[in-house]
Amino acid sequence: MFGVSLEKIDKWTKKGKVERLIKAASDSDKDIRLAAIRGLGKVDHEKSFNSLVFILRDEDPEIRGTACESLGELRKVIAEEHLKYIAKNDPDEKVKEKAIEAIKKIDEVNEEAL
């Protein structure tokens, strides 16, 4: 993806440009990917959620862990099943921890809503 910068990711996040963030989340530059994945966690959109769930299958544990954090930021109850699966089955302990933290964030928000 030519011409993508961290500044552009930040602008796209603020403007809610989900499609652009999704494309950037598969960039060859890992820093761009990570920034885009974090951005997806700040844009409450069905496509953001779906992309983050897909990214949970990435081969890179740092990418998977960041996707867990972003799902926690979205605070959607439907993310819990995916995160619970990661918390039990991911081969990387740090990713498991991030999934558990994300679940806690989601639970906190839902308890406040009651």
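**Helix packing in a predicted model**

Let me begin with a contact between two helices: Lys 30, Arg 33, Leu 34, Ile 37, Arg 38 and Leu 40 of H3 meet Glu 62, Ile 63, Thr 66, Ala 67, Ser 70 and Leu 74 of H5. Contact here means heavy atoms within 4.5 Å, and helices (H or I, at least four residues) are DSSP runs numbered from the N terminus. By class, the residues of this contact of H3 with H5 divide into six nonpolar, two polar and four charged. In that count, Ala, Val, Leu, Ile, Met, Phe, Trp, Tyr, Cys and Pro are nonpolar, Asp, Glu, Lys and Arg are charged, and the others, Gly among them, are polar.

Residues are numbered from 1 along each chain as its sequence is written, and side-chain values use heavy atoms, with hydrogens and water left out.

The axes are lines fitted to C-alpha atoms, for helices over the stretch in contact, and the angles run from 0 to 180 degrees between N-to-C directions. Angles under 35 degrees count as roughly parallel, over 145 as roughly antiparallel, 65 to 115 as roughly perpendicular and the rest as oblique. H3 passes H5 in a right-handed crossing; a crossing is right-handed if the near helix is turned clockwise from the far one by less than a right angle, and left-handed if anticlockwise.

H3 itself is mostly covered, with eight of its 11 residues buried. Buried means under 20% relative accessible area, exposed over 50%, and partly exposed in between (1.4 Å probe, protein chains only). The buried residues of H3 are Ile 32, Arg 33, Leu 34, Ala 35, Ala 36, Ile 37, Gly 39 and Leu 40. What covers them includes H1, H2, H4 and H5.

On the H2 side, Ala 24 is found in helix H2 and counts as buried, at 0% relative accessibility. The C-alpha atoms of Ala 24 and Leu 34 are separated by 9.0 Å, with the two residues 10 apart along the chain.

I turn now to H1, which spans residues 6-15 and has Ile 9, Trp 12 and Thr 13 as its buried residues. These cover an arc of only 100° around the axis, so they lie on the same side of H1; the arc is that of the directions from the helix axis to the C-beta atoms. What do the buried residues of H1 pack against? They pack against helix H2 (18-24) and helix H3 (30-40). On the other side of H1, Glu 7, Lys 11, Lys 14 and Lys 15 are exposed. Gly 16 follows H1 and has a positive phi, near 70°.

The next pair is H4 (residues 46-55) and H5 (residues 61-74), whose axes come within 8 Å and cross at roughly 150°. H4 is therefore roughly antiparallel to H5, and their crossing is left-handed. The contact is made by Phe 49, Leu 52, Val 53 and Ile 55 of H4 together with Ile 63, Arg 64, Ala 67, Ser 70, Leu 71 and Leu 74 of H5. By class, this contact of H4 with H5 has eight nonpolar, one polar and one charged residues.

Arg 64 deserves a separate word. Leaving aside neighbours within four places in sequence, Arg 64 is in contact with Ile 55, Leu 56, Arg 57, Asp 58, Glu 59, Asp 90, Pro 91, Asp 92 and Val 95. The C-alpha atoms of Arg 64 and Lys 96, 32 residues apart along the chain, are separated by 9.6 Å.

Arg 75 lies in the loop between H5 and helix H6 (79-89) and is partly exposed, with a relative accessible area of 30%. Most residues other than glycine have a negative phi. Arg 75, although not a glycine, has a positive phi of about 55°. Lys 76 lies in the loop between H5 and H6 and counts as partly exposed, at 24% relative accessibility. Not counting residues up to four places away in sequence, Lys 76 touches Asp 44, Phe 49, Leu 71 and Ile 106.

Methods. Predicted model: local features only at pLDDT ≥ 70, side-chain atom pairs only at ≥ 80, totals over all residues.
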